[in-house]
Amino acid sequence: MKFILQTIILLISITTFSQEKLIGKYCSIPLGESDVTCIDFKENNRFDYFVSGCLGVSAIGSGKFELKDEKLNLIFDKAEQISKSEIKITESKAKSEKEIKLEFKVKDENGIEIPANVIRTSDRKHFFFDELNKVFIVDKNSTKANYRIEFIGYETLELEIENSSDKIIEIALFPAQAKVISDKEISWKWEKVNKNEFKTGINFWDRFKKEKK
């Protein structure tokens, strides 16, 4: 019984020691222009997670980490992806008894018009699209349809529009933000290399080195 108790205490001590040693910011070793993943291990088993590349930070997240049985588990908090882009829809009575007009006006965050793509993604019937002027002519009172607004380097927006009246859809499109990793768990094999480095696989880029403060 005494031996079992000593073993349990030893295992708890090893786990606690390992997790304490992980405190600090560790980053993967990039291969060429590949993305870099950084994990900032904090007190109370908390962490912040970042993926960055030549275009900046592409993914972020935070949560709790566990280090046990030679595995590193990253348990991400549930978090919302908040868009900065703005949509304003102004409605007016349809001038036609058979059709309605949907006019899209897309600008950037500084109010400058940008050549964004406006794509009707559902109900591919009952409409005509004047691409140059970003105007849809749609059969009046036809089924609701979904539209996607996209432009390279900017957020992608999705919206559903009813076809009962003419509309001017004004959009202020903001630059793309980092994707928020939410309500997800990542499990990696974990192996200590030295006091400032660990690895999660056999490849060169599976190694994480501790950054100096």
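**Salt bridges, cysteines and a buried arginine**

Q: Starting with Arg-46: buried, exposed or partly exposed?
A: Arg-46 is partly exposed, with a relative accessible area of 29%. Keep in mind that this is a predicted model.

Q: What does the Arg-46 side chain meet in a salt bridge?
A: The partner is Asp-77, with 2.6 Å from N to O. Arg-46 sits in strand S3 (residues 46-53), while Asp-77 is in the loop between strand S5 (71-76) and strand S6 (86-92), so the pair ties together parts that are 31 residues apart in sequence.

Q: And Asp-77, buried, exposed or partly exposed?
A: Asp-77 is partly exposed, at 26% relative accessible area.

Q: How many salt bridges does the count come to?
A: The count is 10 salt bridges. One of them joins the side chains of Lys-42 and Asp-48, at 3.6 Å from N to O. Glu-66 and Lys-68 form another, and their closest N and O atoms are 3.8 Å apart.

Q: Which residues are linked with Lys-42 in a network?
A: Asp-40 and Asp-48 are linked with Lys-42 in a network of salt bridges.

Q: What are the accessibilities of Lys-42 and Asp-48?
A: Lys-42 has 33% relative accessibility and counts as partly exposed. Asp-48 has 24% and also falls in the partly exposed class.

Q: What about Glu-66 and Lys-68?
A: Glu-66 is partly exposed at 29% relative accessibility. Lys-68 is partly exposed as well, at 42%.

Q: Changing topic. How many disulfides are there?
A: The count comes to one disulfide. Cys-27 and Cys-38 form this bond, with their sulfur atoms 2.0 Å apart. Cys-27 belongs to strand S1 (residues 24-28) and Cys-38 to strand S2 (residues 36-41), so the pair ties together parts that are 11 residues apart in sequence.

Q: Is the disulfide of Cys-27 and Cys-38 right-handed or left-handed?
A: The disulfide is right-handed, because the torsion about the S-S bond is about 110°.

Q: Are its cysteines, Cys-27 and Cys-38, buried or exposed?
A: Cys-27 counts as buried at 8% relative accessibility. Cys-38 is buried too, with a relative accessible area of 9%.

Q: Is Cys-54 buried or exposed?
A: Cys-54 is exposed, with a relative accessible area of 69%.

Q: Next, Arg-120. Where does Arg-120 lie, and is Arg-120 buried or exposed?
A: Arg-120 lies in strand S8 (residues 117-120). Arg-120 is buried, with a relative accessible area of 2%.

Q: What does the Arg-120 side chain make a polar contact with?
A: With the side chain of Tyr-147, at 2.7 Å.

Q: Which residues is Arg-120 in contact with, leaving aside neighbours within four places in sequence?
A: Apart from those neighbours, Arg-120 is in contact with Lys-125, Phe-127, Phe-136, Val-138, Ala-145, Asn-146 and Tyr-147.

Q: Last one: which residues make the nonpolar surface patch of about 330 Å²?
A: Leu-31, Phe-204 and Trp-205 make that patch. Trp-205 lies in the loop between strand S17 (197-199) and strand S18 (207-210). Trp-205 is partly exposed, at 42% relative accessible area.

Definitions and conventions. Residues numbered from 1 in each chain as written. Predicted model: local features only at pLDDT ≥ 70, side-chain atom pairs only at ≥ 80, totals over all residues. Heavy atoms only, no water. Helix = DSSP H or I, 4+ residues; strand = E, 2+ residues; numbered from the N terminus. Buried < 20%, exposed > 50% of the residue type's maximum accessible area, 1.4 Å probe, protein only. Polar contact = N/O pair within 3.5 Å; in protein donor to acceptor, adjacent residues only side chain to side chain. Contact = heavy atoms within 4.5 Å. Salt bridge = Lys/Arg side-chain N within 4 Å of Asp/Glu carboxyl O. Patch = residues over 30% accessible without salt bridge, like charges linked within 9 Å, V, L, I, M, F, W, Y side chains within 5 Å. Areas by Shrake-Rupley, 256 points an atom, 1.4 Å probe, with all protein chains shown as cover. Disulfide = S-S within 2.5 Å.
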